[in-house]
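Here's a quick briefing to read with the model open beside you.

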Amino acid sequence: MRKHPEGNTVGRIVEAEAYVGPQDLACHASKGRTARTEVMFGPAGHAYVYFIYGFYNMLNLVTEAKDYPSAVLIRAVEPVSGIELMKRRRRIDALRSLASGPGKLCQAFDIDRTLNGADLCGGILFVEDRGEPAPKISAMPRIGVDYAGKWKDKPYRFLIRGNEFVSK
């Protein structure tokens, strides 16, 4: 959920990728502690938002103890509410395309680097348990990490099987 003065946006996470510390060559922390990755070295429960390809913001959730840099990239969400606002922000009408990729979801939810380090238990950006039954999950290799040696084949991409909102 993203609370915003224009209105709230809510989505169900349908796809994510794990990045598991400095030994994971696909993880930003594998290059060491930098100004960009500092949030990953902090406590769990904070947003790690970074800019990529000169155009897209990416939302990650820091997941491990302080000084152990791990995070989960939120790759796609299924829009639940605030859909008209998402459409306006993305300038499209196709529901399936609103947040079916990490850059798209950041545009739809107005997530940018100003939220880097945001407390995910705070009042602006957070994940909540809505009490839904656990879906059937598939695990597969991550996308776009061919440079990561043996780490490129790790089954650290998780998605809800058969969900139309996962990235392509």
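This is a predicted model: local features need pLDDT of at least 70, side-chain atom pairs count only at pLDDT 80 or more; totals for chains, interfaces and linings use all residues.

Residues are numbered from 1 along each chain as its sequence is written, and side-chain values use heavy atoms, with hydrogens and water left out.

**Overall build**

- The protein has 2 helices and 6 strands, and from the N terminus on the order is β-β-β-β-α-α-β-β. Helices (H or I, at least four residues) and strands (E, at least two) are DSSP runs, numbered from the N terminus.
- The radius of gyration is 15 Å, which agrees with the value near 15 Å that a compact globule of 168 residues would have. That radius is taken over C-alpha atoms, and the globule rule is 2.2 Å times the number of residues to the power 0.38.
- Along its principal axes, the C-alpha trace spans about 40 × 35 × 35 Å.
- Of the 168 residues, 44% count as buried. Buried means under 20% relative accessible area, exposed means over 50%, and partly exposed is in between (1.4 Å probe, protein chains only).
- The accessible surface comes to about 8,800 Å², with 55% of it belonging to carbon and sulfur atoms. These areas come from the Shrake-Rupley method with a 1.4 Å probe, and for residues only the protein chains shown count as cover.
- Among contacts between residues at least 6 apart in sequence, 60% join residues at least 24 apart. A contact means heavy atoms within 4.5 Å.

**The largest pocket**

- About 790 Å³ of space lies in the largest pocket. A pocket is an open set of points on a 1 Å grid over the protein atoms alone, where a 1.4 Å probe fits, with protein on both sides within 12 Å along at least five of seven lines; lining residues have an atom within 4 Å of a point. Grid points are joined across faces, edges and corners, and the volume is the space filled by probe spheres set on the points.
- It is lined by 32 residues, and the closest to its centre are Gly 11, Arg 12, Ile 13, Val 127 and Glu 128.
- Elements giving two or more residues to this lining are β1 (10-20), β3 (56-62), β4 (70-81) and β6 (157-160). The most come from β1, with 7 residues.
- By class, this lining has 23 nonpolar, 2 polar and 7 charged residues. Here Ala, Val, Leu, Ile, Met, Phe, Trp, Tyr, Cys and Pro count as nonpolar, Asp, Glu, Lys and Arg as charged, and the others, Gly among them, as polar.

**The second largest pocket**

- This one holds about 580 Å³ of space.
- Its lining has 31 residues, and His 28, Tyr 50, Ile 52, Tyr 53 and Tyr 147 are the closest to the centre.
- β1, β2 (47-52), β3, β4 and α2 (102-108) each give two or more residues to the lining of the second largest pocket.
- That lining splits into 17 nonpolar, 9 polar and 5 charged residues.

**Buried spots**

- Leu 125 sits in the loop between α2 and β5 (137-140), and it's buried, with a relative accessible area of 6%.
- Not counting residues up to four places away in sequence, Leu 125 touches Met 1, Arg 2, Ala 47, Leu 59, Ile 111, Leu 115, Asp 119 and Leu 120.
- Ser 70, in strand β4, is buried too, at a relative accessible area of 3%. Leaving aside neighbours within four places in sequence, its contacts include Tyr 19, Val 20, Gly 21 and Met 40.
- In helix α1 (residues 83-90), the buried residues are Leu 85, Met 86, Lys 87, Arg 89 and Arg 90. Their cover includes β1, β4 and α2.

**Positive phi angles**

- Tyr 53 isn't a glycine, yet it has a positive phi of about 55 degrees. Tyr 53 belongs to the loop between β2 and β3 and is exposed, with a relative accessible area of 68%.
- Asp 67, in the loop between β3 and β4, has a positive phi near 75 degrees. Asp 67 is partly exposed, with a relative accessible area of 46%.
- Arg 91 follows α1 and has a positive phi, near 60 degrees.
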